[in-house]
Amino acid sequence: MKTSMRPLAYSAAGIAAALVVWQVLATAKVAGSALPQATTVFGMLAGILGTGTFWSALGSTVGIALFALAVSAVAGVVLGLLVGSFETIRYATLAVLEFLKPVPPIVVLPLAVLVLGPTAQMSLFLVVFGCFLPIVMQTVDGVQGTDPVARDTARSYGMSGTEILFRVVLPSALPYIGTAMRVAAPAALVVTVVAGLLGGGPGLGQSIYQAQAAGDYATLYALVIVLGILGLLFQGATRLAERRVLHWHESYREVVP
């Protein structure tokens with residue numbers, strides 16, 4: 001077996017072992033009726049894949065998460081560049097950003113539901129609230145971490161402030177932004193689901209709540225499996241995008257002997 005295939009084989013073996021343990025525990029009724037058998041769950045999963053309700057909920061979840069993530073990325077990078085580049089803006093916003101940074105989206109969920117109701121707009125607001133600040137702070141760190149020698153060199157070549165910002169500072173901050181996006185992408189999915197699960201927003205979170213309320217545990221676990229797969233896809237997509245955008249960075253360049 002080639003070395004490159006071993007991780008895949010080990011991963012497949014781990015998944016198979018987990019499914020066997022799940023099946024055994026469910027058959028032995030370790031958790032009572034709340035833990036359905038793996039075969040029952042995957043049978044239910046195959047069934048709901050053929051329903052329009054499922055695909056509508058999936059589309060709502062993915063659409064809200066991606067749109068809110070895009071808004072957070074654009075707004076967060078722009079504000080981060082401004083805060084990191086200008087001392088006046090940094091001092092004016094530092095206290096507010098530091099105050100909001102540790103506040104999780106779940107804390108403002110009741111207020112969001114009260115103002116916006118159980119709507120897609122409420123879910124969008126929560127996701128942006130959860131993803132925007134980490135992107136801002138990482139961008140600020142990237143801007144402030146720019147090599148001052150590179151700045152001075154660009155200035156000595158007659159570059160304007162705007163040229164330095166886009167040709168020196170922004171490329172220097174991109175690895176920080178890439179890290180923030182890699183963390184924010186799964187978080188956007190999680191917050192979207194929580195907004196539906198606890199706030200009544202559209203999507204798979206709402207479907208999970210309805211399945212739990214009806215005691216339909218097979219459907220509940222099937223939807224959780226779908227969310228796990230979505231999380232892996234979001235994580236993989238951000239890693240691929242980061243690798244493509246930062247192909248020039250030393251952490252992604254191939255070492256030529």
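## Salt bridges

A search of the whole structure turns up four salt bridges. A salt bridge here is a side-chain nitrogen of Lys or Arg within 4 Å of a carboxyl oxygen of Asp or Glu. Arg-90 makes one with Glu-87, and their closest N and O atoms are 3.9 Å apart. Both Arg-90 and Glu-87 sit in helix 4 (residues 87-100), three residues apart, about one turn of the helix.

This is a predicted model, in which local features need pLDDT of at least 70 and side-chain atom pairs count only at pLDDT 80 or more, while totals for chains, interfaces and linings use all residues. Residues are numbered from 1 along each chain as its sequence is written, and side-chain values use heavy atoms, with hydrogens and water left out.

## The overall build

How many helices and strands does the protein chain have? There are ten helices and zero strands. Helices (H or I, at least four residues) and strands (E, at least two) are DSSP runs, numbered from the N terminus. The C-alpha atoms fill a box of roughly 75 × 60 × 30 Å, taken along the principal axes.

## Helix 3 and its partners

Let us start with helix 8. Helix 3 (residues 52-85) packs against helix 8 at an angle of about 145 degrees, with axes 9 Å apart. Axes are lines fitted to C-alpha atoms, for helices over the stretch in contact, and angles run from 0 to 180 degrees between N-to-C directions. The contact (heavy atoms within 4.5 Å) includes Leu-69 and Val-77 of helix 3 and Ile-177 and Met-181 of helix 8. Its residues divide into 15 nonpolar, three polar and no charged. Ala, Val, Leu, Ile, Met, Phe, Trp, Tyr, Cys and Pro count as nonpolar, Asp, Glu, Lys and Arg as charged, and the others, Gly among them, as polar.

Helix 3 also packs with helix 10 (residues 217-245), at about 35 degrees and with axes 12 Å apart. Phe-54, Leu-58, Val-62, Ala-65 and Leu-66 of helix 3 meet Leu-223, Val-226, Leu-230 and Phe-234 of helix 10. By class, this contact has nine nonpolar, no polar and no charged residues.

Which residues make the nonpolar surface patch? Ile-106, Val-107, Leu-197, Leu-198 and Tyr-209 do, over about 470 Å². Patch residues have over 30% relative accessible area and no salt bridge; like charges are joined within 9 Å, nonpolar side chains (Val, Leu, Ile, Met, Phe, Trp, Tyr) within 5 Å. Accessible areas come from the Shrake-Rupley method with a 1.4 Å probe, and for residues only the protein chains shown count as cover.

Helix 5 (105-116) and helix 8 (161-199) each supply at least two residues of the patch, and Tyr-209 lies in helix 9 (residues 204-213).
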